[in-house]
Amino acid sequence: MSREILLQARDVSKSFGAVRVLHEVSFDVYRGEVLGILGPNGAGKTTLFNMISGDIKPSGGDIRLGEIALRGEPPFKRCRMGIGRTYQIPRPYSGMTTFENLLVAAAFGGGRSESDAYAFCAQVLTDCELADKANTSSGSLTLLDRKRLELARALASDPKLLLLDEIAGGLTEEESRSLVALVRRIRDRGVTIVWIEHVLHALMAVADRLMVLNFGEKIAEGLPQEVIANPEVKRVYMGVEA
Amino acid sequence: MTSVPLSPVSHAPALPQVMVRRQTASGRIAMVLFLLAVVALAAMPWWAKTGTIRMVLELCCYIAVAQMWNMLAGYAGLVSVGQQAFMGAAGYALFVLAQTFGVNPFLAIFIALLVPAFLAVPCYMLLHRLDGPYFAIGTWVVAEVFRLVASNMGFLNAGAGMSLNVMKEYSLLERNIAMSLLCALMILLTIGGSYWFLRSRYGLALIAMRDNPVAAASQGVNVPRLRFMIYIAAAVGCGLAGAVYSMAQLRINPPSAFDPMWANVAIFIVMVGGIASIEGVLIGSLIYFIADRWFGQYGASYFVVLGVMTVFVALYARGGIWGAVSKRWDVHWFPIRRHLIYKTEERP
């Protein structure tokens, strides 16, 4: 694996008033890898994603995509720079069809002309098994299909860095396995992935490294087996006393 | 989920053969009817009496203002109750240009549109910091400020207002021809222009922004700029309606130029006809126009009925009349959907 750093976070902190959500978290994401992020609810995982994608501003610290400092860059520019993301609670454009949802991402995030985006989006729909729902109103999709749509829409923006926020939640084991295979193929295509997930076996199957957050602080980072064996991680995340 | 091979997205040969259908049969029929309506508007002097032209002009102004409000509230999520600010500003600009500076009034209408366009910029810079109801209140305050400024400017003849005496230089036929052409142009620009915009890639972005601005921004849509563009365009569209309406009235004063009734009318038309649809604006405008002709004599009680209708629709039929129709029958007079069709046999 190449060790070129694609995303660099240094001492990233976030507070909402007196509530400290993240405290001086630092980590690197290497180009081409899958970094899994674990942590109990309220650990600050989604807040970290929101700061990377620009939805919220950090209270302190620095985030860089390659050599570019992201501070002050609005979300739409970060997307055009190559940061794609999904949301934990799907946010489809419910007044549009599934296909049109992807067109927005391909045309604006991916910078494609609309006619170029047609075939590209059709392919992404096929990849994410939404082709038969291409012309269905996204507001009427099932939860599973909404999660697929989140992933498909993020892919349609042709990201260099893909932020996946709990996309396996609510899926059956078979569906999770298929999703892992899909994530692996996206990685093999050269897309770097950071994946927040509670479905541990899905994450373990594809992640090159894991990072664990607890109460806004990084408590472990490293190879998946090493991190899972970490007594602090066992105590915090799995409730197992060492 | 079953495993499906993921094609390398950057390699064109792997992409499926697809086509996208944009038009529908009802859309084609409606397009022909729309163009015929525009031609009929332009040709009014040859088939309509002066009184009819005045009434149609009023209807066209309702349609234009309501469609601009529809673009603001129905698509951009900007609920304004102060678009009359730009109607009045353009109306006054027309009167000053034509009456004070001697510019040809029919040319002055178009020059006057620069005024709402320029005024909308600082207004938006101020208002965009406000959210939801605060934005709405802010737009109303801006309109009131405009009215008070106009009421106190000697240059605009203050509260007494101005008359467009230069129109006496033109014959009735000339005025009717000009008014008819302006009606056609106003409908072409506001309805045709909105349709063209909604069918463009920016229309996609606009609907995405309406449905979920946070997600739209994270998919590359420049939400603040799009909102700004819509606000300016709506100011110009309302300005055109205001200038044409004032020209037809031949007189302008602050209460009529900045009449908040225009905001009420636009809200009624869009809510009852169907928000976020051009069809709804056309239906709502016709309803209001007919209701105004038939029941306007009843004054306050008539407005109460209109208000109750709006509340009823907001509570029980949020899509308005057109929303109910399109839910029952899958027809679209102004289709903006993109229907994907796989051409190859490999389609799953």
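Two residues are taken to be in contact if their C-beta atoms, placed from the backbone, lie within 7 Å. Helices (H or I, at least four residues) and strands (E, at least two) are DSSP runs, numbered from the N terminus. The structure is a predicted model, in which local features need pLDDT of at least 70 and side-chain atom pairs count only at pLDDT 80 or more, while totals for chains, interfaces and linings use all residues. Residues are numbered from 1 along each chain as its sequence is written, and chains are lettered from A and ligands numbered from 1 in the order in which they are written.

Chain A contains nine helices and 10 strands. Its C-alpha trace spans about 55 × 40 × 40 Å along the principal axes. The radius of gyration of chain A, taken over C-alpha atoms, is 18 Å, in agreement with the value near 18 Å for a compact globule of 242 residues; the globule rule is 2.2 Å times the number of residues to the power 0.38. Of the contacts in chain A with a separation of 6 or more, 65% are between residues 24 or more positions apart. Buried residues make up 54% of the 242 residues of chain A, a residue being buried if 20 or more other C-beta atoms lie within 10 Å of its own, exposed if 12 or fewer, and partly exposed in between.

Between S1 (residues 5–16) and S4 (residues 60–65) of chain A, the antiparallel pairing extends over five bridges; A:Leu7 has A:Leu65 in S4(A) as its bridge partner.

Helix H3 (residues 98–108) of chain A is mostly covered, with 11 of its 11 residues buried. Among these buried residues are A:Phe99, A:Glu100, A:Asn101 and A:Phe108. Their cover includes helices H4 (114–127) and H5 (143–156) of chain A, together with helix H8 (201–211), helix H9 (213–218) and strand S4 (339–342) of chain B.

Between the chains, 38 residues of chain B are in contact with 47 residues of chain A. On the side of chain B that touches chain A, strand S1 (18–21), H8, H9 and S4 of chain B each supply at least two residues. H8(B) gives the most to this side, with seven residues.

Notes
Pairing = 2+ DSSP bridges.
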